[in-house]
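I opened this notebook to record what I looked up in the structure, one topic to an entry.

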Amino acid sequence: MMKDTEVLFALLRAGLTGEPVSAEVQAACTEEILEKVYNYARQHGVVPIVGQALSKMQVQDCEVVDDFKKATFMAVYRYGQIKFEYERICKVLEEDQIPFIPLKGAVIRNHYPEPWLRTSGDVDILVKEEDLDRAVDLLVSKLQYHSHGRAEHDVSLTGANCFLLELHFTLLQTPGKAKNILDKVWDDAKPIAPRHCQHVLSNEMFCFYHLAHMAKHVQIGGSGIRSFVDLWIMGQKIQFDTEKLKALLEKGDRLAFARAAGKLVDYWFNGEKPDQWTKYLETYILSGKMFGSNENRVLIKQKVYGGGIRYILGRIFLPYEQLKESFPILKKYKWLTPIYHVVRWIRLISMGRFLRSAHELSVGSKITDETRDNTYSLIEHLGLEFKY
């Protein structure tokens, strides 16, 4: 009998390619297995793809099949909303001559068989830092968006129907070689047409950014199945200069991660046999949701802070290098650090995140030595630093 994860990836491939599933997969689609598949798909943002495969199969109606149908309908509806808002935003930025680069789902969904198959909770757009305030003011005044203030790498804005826009002014906030490359991303970007403000990245830079962004999430707790589906879609639909992409990955110190991610994609979608590291990475990814799991996050934090009492103190008194990213004023006035520790505690309590931090401490005490050792070995194998 096939495992639930085997059925999941067989259905994902069928939903993306239109290929019929095998008789073995068809027989494995019992209500019990489909309920497990649905939970994975929901947690990792790939329900519409599985639903697309099921819609072309002879599957007995049951509650979980209805759940897939409803989720697929909502994905189509949600995509219509996102497309409408995205076009409004692009129009405003074009009219006021603000250069911008669409990112992530806004770009990759155009390579899916149907754009609504690629779910997204928001839209990500990059503008130059010197244009950030003007862009925010325009979106607030012309489109009635509400700004939630500047974070370390973007400004979050919400519009009608709870639509969320992440207006980036930098692509990666973690210092390192990958950030050094992405800080110069405008040198790579080209306008889609003369006198247009919308820019696109070269295929190589777009793939490098995707892998660097995936690596960042894996580095702090995990990255969902959807990001690996995106990577498979890129490999199928986008042409690259292989040597140019390899050079970027080497320069950005992300070649080991890219190779490991590629092996997992080949195992999940192309039928390749996995090695030990691929199975470790699969366990790490599937143990979490779209952005990882509490257990993975705690494991990484324990390594960063040194474990034990240092970890507990680190969660209470965030290191200056991390605290200043949340409170940029500290970059200029470091002496205010003690005050902003208190500000952070108040914010955690007011946002309901204090209990989550307390829960992390509880999770950390239950992690086995085997899980800890495997996770730390995996992160080192991927060429990633222990940072948070």
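**Entry 1**

I then looked up its partner: the side chains of Glu-129 and Arg-150 meet in a salt bridge, at 2.4 Å from N to O. This pair links distant parts of the chain, with Glu-129 in the loop between strand S2 (123-127) and helix H7 (132-143), and Arg-150 in strand S3 (residues 146-150), 21 residues apart. Arg-150 is partly exposed as well, at a relative accessible area of 47%. I note that the model is predicted.

**Entry 2: further salt bridges**

How many salt bridges does the structure hold? I find 13 of them. One of these joins Asp-131 to Arg-134, with the closest N and O atoms 3.8 Å apart. Asp-131 is buried, with a relative accessible area of 13%, whereas Arg-134 is partly exposed at 38%.

I also looked up Arg-88 and Glu-85, whose side chains form a salt bridge with an N to O distance of 3.0 Å. Both residues lie in helix H5, 3 residues apart, about one turn of the helix. In an α-helix there are 3.6 residues a turn, so residues three or four places apart point the same way. Is Glu-85 buried or exposed? I record Glu-85 as buried, with a relative accessible area of 5%; Arg-88 is partly exposed at 24%.

**Entry 3: a surface patch**

I next looked up Tyr-77, which lies in helix H5 (residues 63-95). With 46% relative accessibility, Tyr-77 counts as partly exposed. Together with Phe-73 and Met-74, Tyr-77 makes a nonpolar surface patch of about 360 Å².

**Entry 4: helix H1**

I checked the length of helix H1 (residues 4-17): its 14 residues, at 1.5 Å a residue, should span 20 Å, and the end C-alpha atoms are 20 Å apart, which agrees. I then asked how many of the residues of H1 are buried. The count is 10 of the 14, so H1 is largely enclosed by the rest of the structure. Among the buried residues are Val-7, Leu-8, Phe-9, Leu-11, Leu-12 and Leu-16, and also Asp-4 and Thr-5.

Which helices do the buried residues of H1 pack against? I list helix H2 (23-28), helix H3 (31-43), helix H4 (47-54), helix H10 (225-237), helix H12 (255-269) and helix H13 (276-286). After H1 comes Gly-18, with a positive phi near 80°.

Key: Residues are numbered from 1 along each chain as its sequence is written. This is a predicted model: local features need pLDDT of at least 70, side-chain atom pairs count only at pLDDT 80 or more; totals for chains, interfaces and linings use all residues. Side-chain values use heavy atoms; hydrogens and water are left out. Helices (H or I, at least four residues) and strands (E, at least two) are DSSP runs, numbered from the N terminus. The expected span of a helix is 1.5 Å times one less than its number of residues. Buried means under 20% relative accessible area, exposed over 50%, partly exposed in between (1.4 Å probe, protein chains only). Contact means heavy atoms within 4.5 Å. Patches are made of residues with over 30% relative accessible area and no salt bridge: like charges are joined within 9 Å, nonpolar side chains (Val, Leu, Ile, Met, Phe, Trp, Tyr) within 5 Å. Accessible areas come from the Shrake-Rupley method with a 1.4 Å probe; for residues, only the protein chains shown count as cover. A salt bridge is a side-chain nitrogen of Lys or Arg within 4 Å of a carboxyl oxygen of Asp or Glu.
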